[in-house]
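Visitor: Hey, can you walk me through this one? I'm new to reading structures.
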Amino acid sequence: MNYLEKRLLFKFSQEMPGARVLGFFVVGSHLFNLNGKNSDKDYLGVYMPSKAQLDADEKFNKNKEPSKRQDMWPKQLNFGTNQTNQKNNKNDVDCKFFSLDEYLRLLADSDFNMLEMLYAPKDKVLVSSLEYEELVLRREMFTPFDLSSFVGFVKGEARLHLVDKSSYEKYAKFVDFLKTLPP
């Protein structure tokens with residue numbers, strides 16, 4: 001683990017004292033070894049709230065109707081360096097931590113960014129707990145039977161990276177081909 005990654009974990013521990021990191025991963029272009037000289041760095045993490053946060057949550061929500069309950073911890077924490085609407089550059093870092101309940105909800109929705117953590121190569125896994133290893137062992141139950149979430153991800157990435165019309169049509173044909181494949 002390099003200095004930047006240790007610093008991100010330290011920042012998380014300061015922001016969420018007592019919370020436990022269950023998994024921490026290199027993602028984005030670096031996950032797929034598609035990074036270039038101008039690629040930014042992207043990290044995702046999953047955490048378990050602290051016992052104190054869980055106890056406070058239980059006390060706070062004890063007499064509330066289920067529809068009025070709320071968690072006493074953030075579903076997502078962002079530690080990004082780029083606070084503008086401009087595209088990231090090679091010096092930018094995106095780092096997000098998701099609470100375990102939010103991570104599982106996103107997995108159930110077949111969120112591609114959450115799924116990729118379950119299939120990350122060992123060299124891209126910076127922290128892995130026994131709890132996270134259990135999820136990896138059961139990753140097939142989260143893998144979608146259709147490719148619609150992947151197709152949506154591909155389309156979103158194409159728009160994000162301003163793929164020109166002629167290239168987009170080629171990608172659209174490829175996506176259509178993917179839709180014909182069996183699960």
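Visitor: Which residue is the bridge partner of Gln76 in β4?
Guide: That's Phe98. This is a predicted model, where local features need pLDDT of at least 70, side-chain atom pairs count only at pLDDT 80 or more, and totals for chains, interfaces and linings use all residues. Residues are numbered from 1 along each chain as its sequence is written, and side-chain values use heavy atoms, leaving out hydrogens and water.

Visitor: Okay, and in which sense do β3 and β4 pair?
Guide: Antiparallel, over three bridges. Strands (E, at least two residues) and helices (H or I, at least four) are DSSP runs numbered from the N terminus, and two strands pair if DSSP finds at least two bridges between them.

Visitor: What's the strand order in the sheet?
Guide: The five strands run β3-β4-β2-β1-β5 in an open sheet with mixed pairing. At the edges sit β3 (76–78) and β5 (125–128), each pairing on one side only.

Visitor: Which strands does α3 touch?
Guide: α3 packs on the sheet against β1, β2 and β4. Touching, or contact, means heavy atoms within 4.5 Å.

Visitor: New topic: how many residues are in the largest nonpolar core?
Guide: 20, and Met114 is among those with the most contacts inside it. Such a core is a set of buried Ala, Val, Leu, Ile, Met, Phe, Trp, Tyr and Cys residues joined through side-chain atoms within 4.5 Å; buried means under 20% relative accessible area (1.4 Å probe, protein chains only).

Visitor: And what does Met114 touch?
Guide: Leaving out residues up to four places away in sequence, Met114 touches Leu44, Phe98, Tyr103, Leu106 and Leu107.

Notes. Buried < 20%, exposed > 50% of the residue type's maximum accessible area, 1.4 Å probe, protein only. Axes fitted to C-alpha atoms, helices over the stretch in contact; angles between N-to-C directions.
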